[in-house]
Each structure stands twice: as C-alpha cells, then as structure tokens.
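Hello,

Here is the structure I promised to pass on. Please have it open while you read; my notes follow below it.

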Amino acid sequence: MKKVLAAAVASLAATGALAQTEINGTVDSKCIVMTDTAGVFGNPSPNMLTTDPQNGGVQPVIRYDVIAADFYKAVISYPVEFTSSPALSDVVNWTGDVNVSEVSDTLMSDYDANKITYNNTHEYNMSVAGSTWFKISSEADYGFAKSLPAGNYTAVVMAECIPL
Amino acid sequence: MRNLKHYLAMAALASGPAVAHELTPTYPKLTPSYIPGVLSTHVVLWNARQDIGYYKVDVFDADMNPVSFIATGGDLKKVDYLGRAHIEIFVREEDQDKATYICTQSKLSRGAAQRSLVASNVCSKIR
C-alpha cells in the first residue's frame, strides 16, 4: 500500500514539474517580408519577356506581415533592368505595376488608392495591422520588335519595409 | 463559418513554405559602447528564405544616404535558412544624429534561369 501511495505521489510530483514548464514569447512591433510566389517570365514573342499569366508568366506575390499599425511603409519596386542576361545590343523598354492582391483586413482595401507612385516604385503606408499580399507585374520589350538573344534572364523585384 | 475560414487560412499559411525576412527590434537605441566616442546597438536578423544565404547590412541617414558604421563580423552576413544573426552595429558619436536606419538587404545569387526574383530589404529605425 505504501509503495502504491509513493508511486502516486511521485507521479503527481512529476506532473507538477511538467505543468511548470513555460514557453515564453514576446510580440514586438515588426515587419516581415515574405516571398509568397516567385515570379517567372513567360516568352510569348521573341522580343518580349512578361510575367503576365496569359502569356506563360507567373506574377511574383509578396506578403507583408505587420504586427502594429502605422509603424511601417512598404516600398515595392518592379524591375527596370536585368540583373543577369546575355549581352544586349539594343535598349530594353520596361513596364510594370504593383497592386494589392489580398488583404487580411477589409480596412486595407484602400491601400492601392492611397499609395504613392514614383518611377518604378510604389509606396504603401501600412496603416492597418495584419497581412497584405502584393502582386507585381513586369514586362520587358527588346528594341523595336527585336528578338532577345537566347540565354537566361533575371530581373529583381525589390520589396522594402521601412519604419515610419 | 467565420472561424472555419480563419482556420483554413491559418492552415494554408502554416503548411506553406517559410520564405520570410525579419529584423528586430523595430526601434533600436544607440548606447555608449566599450570604445570611447563610439555608440552601438544590437539587432537580430531572422532568415526564413530558403533561397537566400547572405544579407548586406547598411546604415543610412533619414534620406537614405549611407552613414559610416562597423558591424561585427563585417557588413555581409551569412545567415543559414531559419537561422538568426545577432548583429552589433557601431556608429561614431558624431554620426549619432545622422544615423537613422539600419537595413538588411537579401543578396541574390546569379544563375536562376528566366525568373523574376524578389530581393527583400527590411529596416529598423534608430531612436
């Protein structure tokens, strides 16, 4: 009987010890930039590379998680040059756009209307806490309907998160 | 129904690949370091981008002009996937009012074929 009691007490003690194991964490104001979808250029015609899904491309999607409202601005720039490509002898004409594609809070629905745009850069004030998905489109047209040389082409979308 | 939507959204996020870049704290403070005339602060970079192994650290003024600084171990950091880098930044006392942003920019490697890649740049603001 004593042995059973001792075992029960030991078991309780062990349970108590487990119950006191803590997991600590803090929630700071912070911004996390995530590449949700890596973009891919489609090559629908010899002189064009585009992320347009109807032309075989994939639009990159970037997600911003903001823990606190009005602490950050998101600055997203679509590419205006190749970071790697074969030697190009003619000019490349770049176009692109940045748009909000999904939001975790309906209050973010005016982000596109309130954004500041200059050159190839789009600036969003992250005035609501939560997640926002941005979709970027990019198109590169080579010369005057000139064929792009065969090879690998890489262009970079810059996604910045800057505290206010 | 609303809860179910939230659950499904969370499940989708949880099952997706981790591809994040984070810098904390948001508002670090410069404090006197062990070197006279030099201030320091500490930031933590978290790399959950599997495609990125290196990050460049920079210090800028309010207009994003570079400010002189030294980071422990150099300004190019190798950070493993799901790893954290604790970065000590040293700034001259005379640059205290100029130094405004500490930024970490992902460095992409060449070689990915016909892809539009994403470079992330996350900053903290010195207060």
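I start with one residue. Setting aside neighbours within four places in sequence, A:Cys161 is in contact with A:Cys31, A:Val33, A:Tyr64, A:Tyr72, A:Ala74, B:Val122 and B:Cys123. Contact means that the C-beta atoms, placed from the backbone, lie within 7 Å.

Some ground rules. This is a predicted model, in which local features need pLDDT of at least 70 and side-chain atom pairs count only at pLDDT 80 or more, while totals for chains, interfaces and linings use all residues. Residues are numbered from 1 along each chain as its sequence is written, and chains are lettered from A and ligands numbered from 1 in the order in which they are written.

The core. A:Cys161 and A:Val33 have the most contacts inside the largest nonpolar core, which has 57 residues. Such a core is a set of buried Ala, Val, Leu, Ile, Met, Phe, Trp, Tyr and Cys residues joined through C-beta atoms within 7 Å. Buried means 20 or more other C-beta atoms within 10 Å of the residue's own; 12 or fewer is exposed, and in between is partly exposed. β11(A) gives the most to this core, with 6 residues.

Chain A overall. It has 2 helices and 11 strands. These are DSSP runs numbered from the N terminus: helices are H or I with at least four residues, strands are E with at least two. Of the 164 residues in chain A, 31% are buried. Among its contacts between residues at least 6 apart in sequence, 73% join residues at least 24 apart.

The interface. Chain A puts 31 residues into the contact and chain B 26 residues. On the chain A side, β1 (31-37), β2 (39-40) and β11 (154-163) each supply at least two residues. The largest share of that side, 10 residues, comes from β11(A). By class, the side has 20 nonpolar, 8 polar and 3 charged residues. Here Ala, Val, Leu, Ile, Met, Phe, Trp, Tyr, Cys and Pro are nonpolar, Asp, Glu, Lys and Arg charged, and the others, Gly among them, polar.

β1(A) and β1 of chain B (residues 19-24) run antiparallel, joined by 3 bridges; pairing takes at least two DSSP bridges. A:Met34 stands opposite B:Ala20.

One more residue in β11 of chain A: A:Val156. A:Val156 counts as buried because it has 22 C-beta neighbours inside 10 Å. Beyond four places in sequence, A:Val156 touches A:Pro79, A:Thr83, B:Leu108, B:Leu117 and B:Ala119.

Best wishes

Terms used:
Two residues are in contact if their C-beta atoms, placed from the backbone, lie within 7 Å.
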